[in-house]
Amino acid sequence: MSAQRDINSPRLVVLGGGPGGYEAAIAGAQLGAQVTVVERAGMGGSAVLTDVVPSKTLIATADAMRRVSGARDFGVMVGDRDTETVADLSVVNARLLELAREQSSDIHMGLERVGVRVVIGDGKLLDASTVEVTRADGSIEKIDADALLVSVGAHPRELPTAIPDGERIFNWTQVYNLKEVPEHLIVVGSGVTGAEFASAYNLLGTKVTLVSSRDRVLPGEDADAAEVLEEAFKLNGVNVVAKSRAEAVVRDDDGVKVTLSDGRVIEGSHCLLAVGSIPNTAGIGLEEAGIKLTESGHIKVDGVSRTTATNVYAAGDCTGVFALASVSAMQGRIAMAHLLGDSVKPLKLTEVSANIFTSPEIATVGVTQRMVEDGKYQADIIKLNLATNARAKMMNVTQGFVKIIARRGSGTVIGGVVVAPRASELIFPIAMAVHNNLHVDDIAETFSVYPSLSGSISEAARRLHVHL
């Protein structure tokens, strides 16, 4: 139900319809603003149309393959003994793109339901209070605003010597063009995106080579978690080429050749480039409107999402804070609360929970072990492997752990890591503890279901209690 408005309601224009933009639009409308969202492609932005929704749907399919392939270990016979489980990638990709379109449509209707006006077109700032929109038919509209929120996202970074063609060489938005499971996929980049796609295509039956410029996969993540993932990769046949940088990728007659910095050449059928992203901040009038950018082209924002221009806020990947849909959405909501006088708390990066959708999943929240080791925090850390968990044994889960980080002296939970199937769900109780400054005893004394994977969270808390 839309909020009551009058002619004195502030006029808000949101540039970009991704999570940061549409969450801000909903919050703004509910707080009484007259809201217009300008989006280039479709509501949900790249997160819904070409990134998060499609990739996680692909990963869900890969996880289904994993469970079917492992069914015999539970005594379940699937088809004939000699029948191989295969993925029809044309069906998989058609399904995930349709889900993305449905989600985009749902967001669009949800915005209109609360009174938000949606304009599809390319927007740019003429100044800090005017947005010009060019529609597909060439028509132009100027929209005046009392306040702006910029949430224009980012696009895949490309190498000048490895230009994607959408057929053999892909960035992560193009990979859904595939009609068949690749024979040999070379993934360049061992960060979150590269690791997720390597894991997914490996489970779908593809031979995968992962090229990492660092000494391990996921160099920015928890070291214990990265080690578990590398073990899983090794067991599943993923070839990790560490300490190697891709210099060039060229298309051959029936495949690709990836040349490394040491001169080695890796041949495969396809190549996926996952080498970072670039904010979509160029050429849309930001600097002319008084909005300062960093050297990397990201928009400078403070804890309540304000830019350097009066009444202009920013949210999402274009700010370079955290490339997470949840953070984008939180930035958008915080911006609206600050702008429209609602209760507001600045963004706390030490409370952010995140998940890497590999197999197994890796979920994290709050303070990291690296921060503790670097002396930024004084903390006690307990790591409890899932190998002794009864439910894990029933599920044939042989890899993973729960890690809880508690402030030394007070026992307050300040961080955690979960490596397990559905770690994205299991991290939530630890995130609740971090957000609410709970003591480890608050977790230890809370009933958990037996048997359950979450039982290892309370068990880890009980063991940590002994160290306080």
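This is a predicted model: local features need pLDDT of at least 70, side-chain atom pairs count only at pLDDT 80 or more; totals for chains, interfaces and linings use all residues.
Where is Asp-253 found, in terms of the strands on either side?

1. **Asp-253.** This residue sits in the loop that links strand 13 (246-251) to strand 14 (256-260). Asp-253 is exposed, because its relative accessible area is 74% and the cut-off for exposed is over 50%.

2. **Overall build.** The protein chain has 13 helices and 23 strands. Its radius of gyration is 24 Å, close to the 23 Å given by the globule rule for 468 residues, so the chain is as compact as a globular protein of that length. The C-alpha trace spans about 65 × 65 × 45 Å along its principal axes.

3. **Burial and contacts.** Of the 468 residues in the protein chain, 50% are buried. If you take the contacts between residues at least 6 apart in sequence, 62% of them join residues at least 24 apart.

4. **Surface and charge.** The accessible surface of the protein chain is about 22100 Å², and carbon and sulfur atoms account for 49% of that. There are 44 positive and 56 negative side chains, with the centres of the two sets 4 Å apart.

5. **Cysteines.** A disulfide is a covalent bond between the sulfur atoms of two cysteines. The search of the whole structure finds zero disulfides.

6. **Thr-61 in helix 3.** Helix 3 (residues 52-69) contains Thr-61. With 18% relative accessibility, Thr-61 counts as buried, since the cut-off for buried is under 20%. Leaving aside residues up to four places away in sequence, Thr-61 touches Val-92, Arg-95 and Leu-204.

7. **Leu-203 in helix 5.** Leu-203 belongs to helix 5 (residues 192-203) and counts as buried at 18% relative accessibility. Which residues does Leu-203 touch, not counting those up to four places away in sequence? They are Ala-62, Met-65, Arg-66, Asn-236 and Ser-359. The C-alpha atoms of Leu-203 and Ser-69 are separated by 9.3 Å, although the two residues are 134 apart along the chain.

8. **Cis peptide bonds.** Ser-359, one of the residues that Leu-203 touches, is joined to Pro-360 by a cis peptide bond with omega about 5 degrees. Pro-360 is placed in the loop between strand 19 (353-356) and strand 20 (361-366). Another cis peptide bond links Tyr-450 and Pro-451, where omega is about -5 degrees. Pro-451 has its place in the loop between helix 12 (440-444) and helix 13 (455-467).

9. Leu-218 is not a glycine, yet its phi is positive, near 45 degrees. Leu-218 is in the loop between strand 11 (207-211) and helix 6 (223-236), and at 2% relative accessibility it counts as buried. Asn-311 likewise has a positive phi, about 65 degrees, without being a glycine. The loop between strand 17 (277-279) and strand 18 (312-314) holds Asn-311, which counts as partly exposed at 36% relative accessibility.

Note on methods
Residues are numbered from 1 along each chain as its sequence is written. Side-chain values use heavy atoms; hydrogens and water are left out. Helices (H or I, at least four residues) and strands (E, at least two) are DSSP runs, numbered from the N terminus. The radius of gyration is taken over C-alpha atoms; the globule rule is 2.2 Å times the number of residues to the power 0.38. Buried means under 20% relative accessible area, exposed over 50%, partly exposed in between (1.4 Å probe, protein chains only). Contact means heavy atoms within 4.5 Å. Accessible areas come from the Shrake-Rupley method with a 1.4 Å probe; for residues, only the protein chains shown count as cover. Lys and Arg count as positive and Asp and Glu as negative; His and the chain ends are not counted. The place of a charge is taken as NZ of Lys, CZ of Arg, CG of Asp or CD of Glu. A disulfide is a pair of cysteine sulfur atoms within 2.5 Å.
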